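User: I'd like a close look at one part of this model, walked through as one connected story. Here is what I have on screen.

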Amino acid sequence: WAGSLYVPFETRSGSLLLAIVLAGAVAIVQHVPRHILTGTKMSLYTVPLVAAVILLPVWAATAAVVIGFVAAELWQRHPGCEVLFNGAAITLQVAIGGMLYAALAGGLVVLPGVVAAIVAAVVMFLLGITLVAGSVSTHHALPYSQIWRQIAWETVLTDATMFLIGAILA
């Protein structure tokens with residue numbers, strides 16, 4: 001199992017180029033959010049995030065996504081504490097999702113890649129909601145469970161679609 005987490009990073013096979021492309025894709029789609037409703041923005045960074053988790057070793061996926069994500073956050077001149085929180089949250093999502101995918105798709109348990117990707121995607125989604133809900137509920141002094149349910153309800157279809165597109169592209 002540990003071997004699946006430390007897959008060698010082969011530049012000959014194009015892994016380095018793929019990591020650079022995925023980092024750039026994360027930066028671009030995070031920097032340019034899509035307006036879907038009046039006052040509602042949606043970032044498409046989930047698509048390259050999932051592709052990175054499926055296609056790259058855990059450490060390379062984490063590095064590529066975090067570099068792209070933080071670069072976009074800094075480019076947009078978000079406050080330092082926001083960049084720090086969002087960067088830490090995305091790091092946890094990609095690292096845990098990547099380790100889970102590696103463990104399920106060829107490590108501890110051998111599941112079909114699609115099942116492993118779905119399980120990893122669900123865990124990444126729940127982890128993201130949990131982290132954001134904690135921050136928002138603390139900042140606004142609102143009940144955690146209320147914020148968690150609201151975020152989950154508002155983002156589940158969008159995130160499921162973005163996870164599916166990322167998995168298909170991978």
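Predicted model: local features only at pLDDT ≥ 70, side-chain atom pairs only at ≥ 80, totals over all residues.

Is Ala141 buried or exposed?

Analyst: Ala141 is exposed, because its relative accessibility is 68% and the cut-off for exposed is over 50%. You'll find Ala141 in the loop between H6 and helix H7 (144–169). Its backbone is worth a glance too: phi is positive, about 55 degrees, although Ala141 is not a glycine.

Now step back to the helix pair. Helix H5 covers residues 80–106 and helix H6 covers residues 113–140; they pack at an angle of about 155 degrees, with axes 9 Å apart. That angle makes H5 roughly antiparallel to H6, because anything over 145 degrees counts as such. As for handedness, H5 and H6 make a right-handed crossing. On the H5 side, the contact is made by Phe85, Ala89, Leu92, Gln93, Ile96, Gly97, Leu100, Tyr101, Leu104 and Ala105. H6 answers with Gly113, Ala116, Ala117, Val119, Ala120, Val123, Met124, Leu127, Gly128, Leu131, Val132 and Ser135. Sort the residues of this contact by type and you get 17 nonpolar, five polar and no charged.

Arg77 is exposed, with a relative accessible area of 74%.

That leaves H4 itself. The helix has 18 residues, and at 1.5 Å a residue they should span 26 Å; the end C-alpha atoms are 26 Å apart, so expectation and model agree. Glu73 is the one I'd zoom in on. This H4 residue counts as buried because its relative accessibility is 1%, where the limit is under 20%. What does Glu73 touch, leaving aside its neighbours within four places in sequence? Its contacts are Gln30, His78, Glu82, Val83 and Asn86.

Conventions:
Residues numbered from 1 in each chain as written. Heavy atoms only, no water. Axes fitted to C-alpha atoms, helices over the stretch in contact; angles between N-to-C directions. Helix = DSSP H or I, 4+ residues; strand = E, 2+ residues; numbered from the N terminus. Parallel < 35°, antiparallel > 145°, perpendicular 65-115°, else oblique. Left-handed = near helix turned anticlockwise from the far one by under 90°. Contact = heavy atoms within 4.5 Å. Nonpolar A, V, L, I, M, F, W, Y, C, P; charged D, E, K, R; others polar. Buried < 20%, exposed > 50% of the residue type's maximum accessible area, 1.4 Å probe, protein only. Expected span 1.5 Å × (residues − 1).
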